[in-house]
Amino acid sequence: MYIKSSTLFAGAFALCAFAAPLPDCDEDTTSPGTSNAITKETLIAIEPKTASCAASPKFPGECADAARAAPAINKAFETYKITSKGEQAALIAYMLFESGNFTYNRNHFPEPGRPGQGSRMMAMPPFIKKYATAVAGAEAVAKAEAAGGDAGLNAVLELVISDDEKSFGSAPWFLTSTCTPEVRKGLEAETVDGWHDFLTKCVETTAAPERDPLWTAAKKALNSGN
Ligand SMILES: *[C@@H]1O[C@H](CO)[C@@H](O)[C@H](O)[C@H]1NC(C)=O
């Protein structure tokens, strides 16, 4: 799908920030290295499995296909002002890896999974609590926690996965609230070292080689204007 901006009246430009297939929209205002809106085609180009949730019958309520994920990702990038292609590519790659190509919103493995761990970045419960406090407020978190134990942890998680924008917003929130300016610059530079520094110095996981293909594919898709 491709809509020429010349065919749109001025008011339609308000859509540019959210809506998908308007590649012409901010052509003139976008500086090099910054990205236009992510489309479902972008996500499918990065990971073809996101085209459909049909193959994910086990946790059907949790799977978000590319059409559902794209607007939520755009909104989250807008909320946290993630404008560089390098940061966007890294966050998309990170979320795809952690959520099993967007099929999971909760941790399930080893079964039955860790209570309270989830969102598209599959964050641990302490980070989920911080994020829930930021986006839902301390009062809502305290109320959720009152359920106690695992139920309380899961109730806090629900606050951030009950809506796609929040669930896809966890990684952008994490980047902007946790990572150092140096780590962010490394992602913007789109270097392998920058990507690995993000994983090891901010996420504090290992730079496992199986994470790299998604990052490479994401950079390629975003830089080809997909
Ligand atoms: C995600 O997709 C990749 C490659 O297409 C595949 O190897 C991997 O198993 C998928 N993950 C899940 C959880 O389905």
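**A walk through the model**

Tutor: Start at Ser52: a polar atom of its side chain lies 2.9 Å from the backbone nitrogen of Ala54. That is a polar contact, meaning a pair of N or O atoms within 3.5 Å; within protein, one must be able to donate a hydrogen and the other to accept it, and residues adjacent in sequence count only if both atoms are side-chain atoms. Before going on: this is a predicted model, where local features need pLDDT of at least 70, side-chain atom pairs count only at pLDDT 80 or more, and totals for chains, interfaces and linings use all residues. Numbering runs from 1 along each chain as its sequence is written, and side-chain values use heavy atoms, with hydrogens and water left out.

Student: Where is Ser52?

Tutor: Ser52 sits in the loop between α1 (40–46) and α2 (66–79). Helices here are DSSP runs (H or I, at least four residues), numbered from the N terminus.

Student: Why is Ser52 called partly exposed?

Tutor: Because its relative accessible area is 38%. Buried means under 20%, exposed over 50%, and partly exposed in between (1.4 Å probe, protein chains only).

Student: And Ser119, buried or exposed?

Tutor: Ser119 is buried, because its relative accessibility is 0%. Ser119 lies in the loop between α3 and α4 (125–136).

Student: What does the side chain of Ser119 pair with?

Tutor: The side chain of Ser170, through a polar contact of 2.8 Å. Leaving aside neighbours within four places in sequence, Ser119 is in contact (heavy atoms within 4.5 Å) with residues including Tyr104, Asn105 and Leu157.

Student: Switching to the ligand. Which residues surround it?

Tutor: Glu47, Lys49, Gly100 and Asn101, each with a heavy atom within 4 Å of the ligand. That shell has no nonpolar, 2 polar and 2 charged residues. Asp, Glu, Lys and Arg count as charged; Gly is among the polar ones.

Student: What distances do the side chains give?

Tutor: For Asn101, a side-chain N or O atom is 2.3 Å from an oxygen atom of the ligand. For Lys49, the value is 3.1 Å. A polar side-chain atom of Glu47 also lies 3.1 Å from a ligand oxygen.

Student: How many residues are in the largest nonpolar core?

Tutor: 50 residues. A nonpolar core is a set of buried Ala, Val, Leu, Ile, Met, Phe, Trp, Tyr and Cys residues joined through side-chain atoms within 4.5 Å. Leu43, Ile73, Ile92 and Phe198 have the most contacts inside this core.

Note on methods
Helix = DSSP H or I, 4+ residues; strand = E, 2+ residues; numbered from the N terminus.
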